[in-house]
Amino acid sequence: MEVGLSGKKVVVTGAARGIGREICIGFADNGAEVIGVDIIDLEETGAAVTAAGGSWYACTIDIGNPESVAEGCAWILSGHPRIDALVNNAALYGGLRMQPMEQIDLDEWDRVMSINVRGTFLMIRDLLPGLKVAAGKVVNISSGSALRGSPGLMHYVASKGAIIGMTRSLATELGAHNINVNAIAPGFVATDASKGLSEMYEKYMEMTIMAQSIKQPNNPADIVGTTLYLCSSWADAVTGQLCAVDYGLNKH
Ligand SMILES: NC(=O)c1ccc[n+]([C@@H]2O[C@H](COP(=O)([O-])OP(=O)(O)OC[C@H]3O[C@@H](n4cnc5c(N)ncnc54)[C@H](O)[C@@H]3O)[C@@H](O)[C@H]2O)c1
């Protein structure tokens with residue numbers, strides 16, 4: 001499917017694995033130049049993007065650290081003054097364990113918020129000059145758990161709710177620069193990060209599929225089409241929206 005992304009410069013955070021890696025490959029398949037950001041090794045994603053025929057640039061940033069974001073974004077903008085799309089996919093999700101709310105320690109609460117919420121804000125803020133040049137697109141990866149609620153991950157779910165508020169708010173503000181800001185709410189996606197949440201993973205996945213209109217496992221590749229669409233000119237008139245990509249997972 002050709003979505004008019006050929007030659008576009010796109011930044012994807014959390015590009016090293018899972019959903020972020022699939023998004024990078026999807027962009028490469030459609031001719032975009034991909035700048036992958038992560039705190040961990042990006043080599044495997046780089047190899048996959050290159051194998052798909054895409055241009056690839058790797059940038060190590062800890063989005064939880066404002067200095068790291070400032071330095072990394074300055075490096076990105078020095079080589080790519082025009083940023084056509086920014087996909088904020090990085091989050092503290094892999095490595096979290098489900099736990100009762102009274103056991104969430106304050107350090108973990110702060111880490112989740114500083115990476116998932118503040119980190120997303122910082123990436124948008126520090127790449128804004130490039131997004132303005134291109135009248136670019138921002139796509140923030142939220143989560144359907146922010147709409148449904150989910151036991152055992154209260155801090156994470158709250159952070160994903162904040163992403164929805166940030167998206168709607170920024171859409172109204174950045175519209176003055178013709179920048180579109182939208183969010184995606186995946187359902188429960190079969191990634192290594194999801195598998196590490198609990199020894200009950202298989203059971204949760206089975207229950208999730210039963211609660212969906214279409215009884216299919218939600219795979220990382222499922223998130224790609226909607227992300228690319230929201231980053232393309234086909235979505236020029238779409239902003240401030242939250243798009244669930246979850247096979248119709250019940251929200252109540
Ligand atoms: N898997 C799901 O069921 C699901 C559902 C809804 C939303 N999401 C969201 O989708 C996104 C990807 O999820 P995933 O399942 O692929 O998880 P994941 O944990 O595998 O991916 C997150 C990526 O972000 C990176 N990252 C973490 N902290 C970082 C930091 N400080 N700086 C830079 N990069 C950092 C990780 O290294 C990793 O590559 C996340 O935003 C997650 O919250 C996932």
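1. Helix α3 passes helix α4 in a right-handed crossing (right-handed when the near helix is turned clockwise from the far one by less than a right angle). Helices here are DSSP runs of H or I with at least four residues, numbered from the N terminus. This is a predicted model, where local features need pLDDT of at least 70, side-chain atom pairs count only at pLDDT 80 or more, and totals for chains, interfaces and linings use all residues. Residues are numbered from 1 along each chain as its sequence is written, and side-chain values use heavy atoms, without hydrogens and water.

2. The axes of α3 (residues 66-79) and α4 (residues 106-134) come within 9 Å and cross at roughly 30°; axes are lines fitted to C-alpha atoms over the stretch in contact, with angles from 0 to 180 degrees between N-to-C directions. That makes the pair roughly parallel (angles under 35 degrees).

3. Turning to the residues involved, α3 brings Val69, Cys73 and Leu77, among others, to meet a set in α4 including Arg118, Leu122 and Asp126 (contact means heavy atoms within 4.5 Å).

4. A second pair is worth a look: α1 (residues 18-29) and α2 (residues 43-51) have axes that come within 9 Å and cross at roughly 25°. They are therefore roughly parallel to each other, and α1 also passes α2 in a right-handed crossing.

5. As for the ligand, 30 residues surround it, with Asp38, Asn89, Tyr156, Val189 and Thr191 the closest (a heavy atom within 4 Å).

Note on methods: Helices (H or I, at least four residues) and strands (E, at least two) are DSSP runs, numbered from the N terminus. Angles under 35 degrees count as roughly parallel, over 145 as roughly antiparallel, 65 to 115 as roughly perpendicular and the rest as oblique.
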